[in-house]
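Here is a short tour of one protein model. Keep the sequence and the 3D view open as you read.

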Amino acid sequence: MRLGRAYGVLGDAAKAMDAYRNAAALKPGDADSLQRVAQAMLADRPATALVPPAAVKVLQDIETAAPGQPAVLWYLGLAAAQNGKPDDALAYWGRLLARLPPDGEEAKTIKSAMDALRHQ
């Protein structure tokens, strides 16, 4: 984990991701290790970029180990929407919406994404 953080500070995302993957392999099912892998995989990506299948797998593992994390629910919903699975996307985002303050900006963003998906 420390090696991954060091590579991250140095700006080497690929080596950071490899170090976090190794750490996650040493502690299977550890949500923190998996979270670091996902963060490294998704770092510096445009908001509309496709969520890579490898990242989806890590996000699903996180959801199994520690359900309901907002960032995980967002990205799993985004991946589902991108892969033509609107019902899955709406389910993830609905769970996310339930965890957010109803009048917050994040909730408005989620509601907007859900409305757009429903009207496709």
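Helices (H or I, at least four residues) and strands (E, at least two) are DSSP runs, numbered from the N terminus. With that numbering, Lys57 and Asp61 both belong to helix α4. They sit 4 residues apart, about one turn of the helix.

This is a predicted model: local features need pLDDT of at least 70, side-chain atom pairs count only at pLDDT 80 or more, and totals for chains, interfaces and linings use all residues. Residues are numbered from 1 along each chain as its sequence is written, and side-chain values use heavy atoms, with hydrogens and water left out.

**Salt bridges**

Side chains of opposite charge can pair when their charged atoms come close. A salt bridge here is a side-chain nitrogen of Lys or Arg within 4 Å of a carboxyl oxygen of Asp or Glu. By this rule there are 4 salt bridges. The table includes some of them.

| Pair | N to O distance |
|---|---|
| Lys57 and Asp61 | 2.7 Å |
| Glu63 and Arg95 | 2.5 Å |
| Asp115 and Arg118 | 3.3 Å |

Take Glu63 and Arg95, which form a salt bridge. Glu63 is in helix α4 and Arg95 in helix α6, so the pair ties together parts that are 32 residues apart in sequence. Asp115 and Arg118 are 3 residues apart in helix α7, about one helical turn.

How open are these side chains? Buried means under 20% relative accessible area, exposed means over 50%, and partly exposed lies in between (1.4 Å probe, protein chains only). Glu63 has 13% relative accessibility, so it counts as buried. Arg95, at 37%, is partly exposed. Lys57 is partly exposed at 46%, and Asp61 is partly exposed at 27%. Asp115 is also partly exposed, with a relative accessible area of 37%.

**The nonpolar core**

A nonpolar core is a set of buried Ala, Val, Leu, Ile, Met, Phe, Trp, Tyr and Cys residues joined through side-chain atoms within 4.5 Å. The largest one has 32 residues. Which members touch the most others? They are Val51, Val58, Leu59, Ile62 and Trp93. Helices α2 (13-26), α3 (31-42), α4 (53-65), α5 (70-82), α6 (86-99) and α7 (105-118) each supply at least two residues of this core.

Look closely at Leu59. Contact means heavy atoms within 4.5 Å. Leaving out residues up to four places away in sequence, Leu59 touches Ala38, Leu42, Val51, Val72, Tyr75 and Leu76.

**Helix α5**

Helix α5 has 13 residues. The expected span of a helix is 1.5 Å times one less than its number of residues. From first C-alpha to last, α5 reaches 18 Å, close to the 18 Å expected. Its buried residues are Val72, Leu73, Leu76, Gly77, Leu78, Ala79 and Ala80. Among the elements covering them are α3, α4 and α6. After α5 comes Gly84, whose phi is positive, near 70 degrees.

**A stacked pair**

Rings of Phe, Tyr and Trp (its six-membered ring) pair if their centres lie within 6.5 Å; planes under 30 degrees apart count as stacked, over 60 as edge-to-face and the rest as tilted. The structure holds 1 aromatic pair. Trp74 and Trp93 have ring centres 5.0 Å apart and planes at 15 degrees, so the pair is stacked. Trp74 is in helix α5 and Trp93 in helix α6, 19 residues apart, so the pair links distant parts of the chain. Trp93 is buried at 3%, while Trp74 is partly exposed at 23%.
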